[in-house]
Every structure is written in C-alpha cells, then in structure tokens.
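Please read these points with the model open.

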Amino acid sequence: MSFPTHDMLSQFAHYMRMKNLEGSMHDRHPELIERTELKESNGYSVLRIAVAEHDGVGLGMVHLKRTPVWSVMDPLGPHKTSIWPISTCNEVLVDALHALAEARLSGCALASPWRWQESEPTDLTELADLLDAKEVTVRRVVGGNRYFMASEDDDQPKLKILNGNYVEAESHDTVVRISLTSHLGWMMHVYAPELNGWGRVDLGRALERRRLPVPGVPRGQMSLSSLAQLLADGPATWEPEGPWSPEALEETPRLYADLDGQISLFPDDTRTHSDHLSADWIVESIHQQLRLLGFNDIEKGDVDNPLQSDTFHFVWHDRDKTLYTSDVQRFNGLAAAAGDELPKRLIVISRSEVSKPAASFADKAKAFIFRCDPECGRLYGLNSRAEQVMPPHGEPQQW
C-alpha cells in the first residue's frame, strides 16, 4: 500500500478543517443548520448558507499571490468579498459568514463591524459607522484585519496587506486618513494630488481652536462624533498644512558659499566643498518639517541652539556612529535638566541610525529620534513615536 501523496494529505487536512468550521457554525448559529451545507468544488470544500433558491453565501479557502487566505463570499449579492488571514480562528470565520447570511436574509445592510471587515467593535469601526451615517464615503478600515482583496490593471484579484490603524474616507472628493496611533492618539491627513503628498490637519486647532505643542490628540480627549462632523463639514474647515517639499526653501541658500564659521551640522569629508548643504538650509528645512508635523512651539534660535522650544530639548547627533541606549539615556537626562520648572522632552536630529533597544527606550521616554538625510534635508522617523508623526506614504489605494 503506497503512502498518500502530499496533495492527498493537503486536501484531507483542508476537508477536516472545513468539517470543524461546519461544526462551529452549527454550535454558534443553530438557527441556520438547515440552510448550511458543505459543498465540494474542484477537490476543495466551501461552507455554504442558502439565502434563496440557487443563491447563497460561502466561506472557503482561496490563494492570492500564492498565499492561502479565507474568503467570505456573496457571489450573487451586493456585498464585497472579505478576506481573512489563514490563521483566523473558527469563531471569527463562522460569525463573519453568519453576519453576511443575516444581511442577505433580512435585506438589511451588513452589520458593523463585519461591514468593515473587522471582527470586533473598535473606535475605528465606530468612527466609520458615524461617517457612513453622515453620508461620508468610507473607503476602508484598517485595524485588526489587515487583509484586503484588490483588482488591479489585469483585473486579477491580488492580496493587499496594509499596515497601521486608520479609517480612510472620501469627503467632498477629498481623500482623508484618520489614524489612531499607539503613542500620539488621533492624527488626520489629507491627500493633495496636486502636490503628490499628504498634508496634516491640526485636530487641536480644528476642533478646540488651540494648538497643542505635540502632534496628535490623545485618545479619549476628543469625541468621535465631533471628529465625524469635522470630516463631514469638508475641506473648508480643515486648513491642512503641508506636505513639505525642498522647493519650499528656494530663498534660503542651499549650498555653503564658505565653510568657515558655519555650523558643522552634518560634516562629510568625502563630499566636495560645493556639495555641502548650508547649515541655514538644513535648519530651515528641519524647522519647516517639524512645524508641519505638528510640533507647534518650535522656533529658530541661534548658532549654539539652532532650534528652540519650551517643550523640547534638541540634540544634534552629527556622527556616523549608531545611537545606542546609553546615548539616548544621556541625551534624555540633558533634556530633563534643560527645563526651568518641568523637564523638557527630547528630540534627536541624527545623521546615523539607532539600535532597537535605544529606539524602545526613546518611545518609553516620550522622545522623538529623526534621521536627517544630508543630501536633501528630509526627516525620517527612527523610533515608533517619530514614525507615527510622519505622513502616509504614496498615493491612496484606488481599489
């Protein structure tokens, strides 16, 4: 007797998983037992719930980009297919299928949070519900389930795995992204197609008519209803700032005319004399970017302290050496001592990278570490807290 082939074993394992899903459906939703059946198709099984004669919704495994995923489908109905990671537990999968069947049987809209391809109610799904009630188009919710199916130019479905925690919506023909970050709370960005980038909306100013010194509005300090109303009111009420572009600094000398007497902010002996960006240009570029990112109390200073703030202490790390935990701890101590009555928080502008333990310590110390590209002056976040203040990358997804 020959040993079963790999394909035979794979099909048997898939069949047993589908039988488990069928059992979970019977246990959790016994009212649908008579409508539920396990159907075979091309050697694979689909858990199907009949909603009408010759019509039903189904749960099955599909492959997108050779990646196996779970698909909850409504082939003849109005609802989009939802995609779930292969590791998704039985309870979530059968509840997603049940919610879809209930929507078809009742003729009502798919219930939240399932309509947003999420399995648990969250602040993001609640915000999406509020926006939908105000007739703001919700493009997607990215939270617990980051898997999406998209059709591109060749019309072939593809798997998209998105990062972050946000609601992407469209209000008055403008794409908006509302993010809920772990360190900074709520952030809002608006896509500006004419600038090919994302501008930031100062939520503190838009909702409370006051500028906060730190980007974001902490979770719990802003009502979701007021945020939804802000989006519904449209771009005229948002006053977005940015995106930043080096072209905004045309009036500031870009290159050193004379290196003598200039701040050696990012020295590099391998570059020619004429290739050095002027210190004034770098400071101005960093100042503009930080202001656009939401650091509202930063002002330009003098040669010894190029940037000044009542809230933050700046450290300029102009060495190639990686920043380690001991470095960030020392810098953080300097920041604490720099405050008159309260300790200041740390912002590091570096030309080098940072170690993971150092980045983790910076997050706990509520510090921000940025790398400045000496070729163009653009800032990049090096720890999670700094990364979360940066605007989204690229164009909005068009699917």
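1. The largest nonpolar core has 28 residues, of which Leu131, Trp186, Met188 and Leu227 touch the most other members. Such a core is a set of buried Ala, Val, Leu, Ile, Met, Phe, Trp, Tyr and Cys residues joined through side-chain atoms within 4.5 Å, buried being under 20% relative accessible area (1.4 Å probe, protein chains only). Helix α5 (224-233) is among the elements that supply at least two residues; its share, five residues, is the largest.

2. The model is predicted: local features need pLDDT of at least 70 and side-chain atom pairs pLDDT 80 or more, while totals for chains, interfaces and linings use all residues. Residues are numbered from 1 along each chain as its sequence is written, and side-chain values use heavy atoms, without hydrogens and water.

3. Leaving aside neighbours within four places in sequence, Leu227 contacts (heavy atoms within 4.5 Å) Leu127, Ile178, Trp186, Leu203 and Met222.

4. An open sheet of mixed pairing has the strand order β15-β16-β17-β18. β15 (312-317) and β18 (379-381) each have a single partner strand, so one side of each lacks a neighbour in the sheet. β15 pairs with β16 (345-350) in the parallel sense over six bridges; strands pair if DSSP finds at least two bridges between them.

5. Helices α7 (325-338) and α8 (356-364) pack at about 25°, with axes 8 Å apart. They are therefore roughly parallel (angles under 35 degrees). Thr325, Val328, Gln329 and Asn332 of α7 meet Pro357, Ala358, Phe361 and Ala362 of α8.

Key
Axes fitted to C-alpha atoms, helices over the stretch in contact; angles between N-to-C directions. Helix = DSSP H or I, 4+ residues; strand = E, 2+ residues; numbered from the N terminus. Parallel < 35°, antiparallel > 145°, perpendicular 65-115°, else oblique. Buried < 20%, exposed > 50% of the residue type's maximum accessible area, 1.4 Å probe, protein only.
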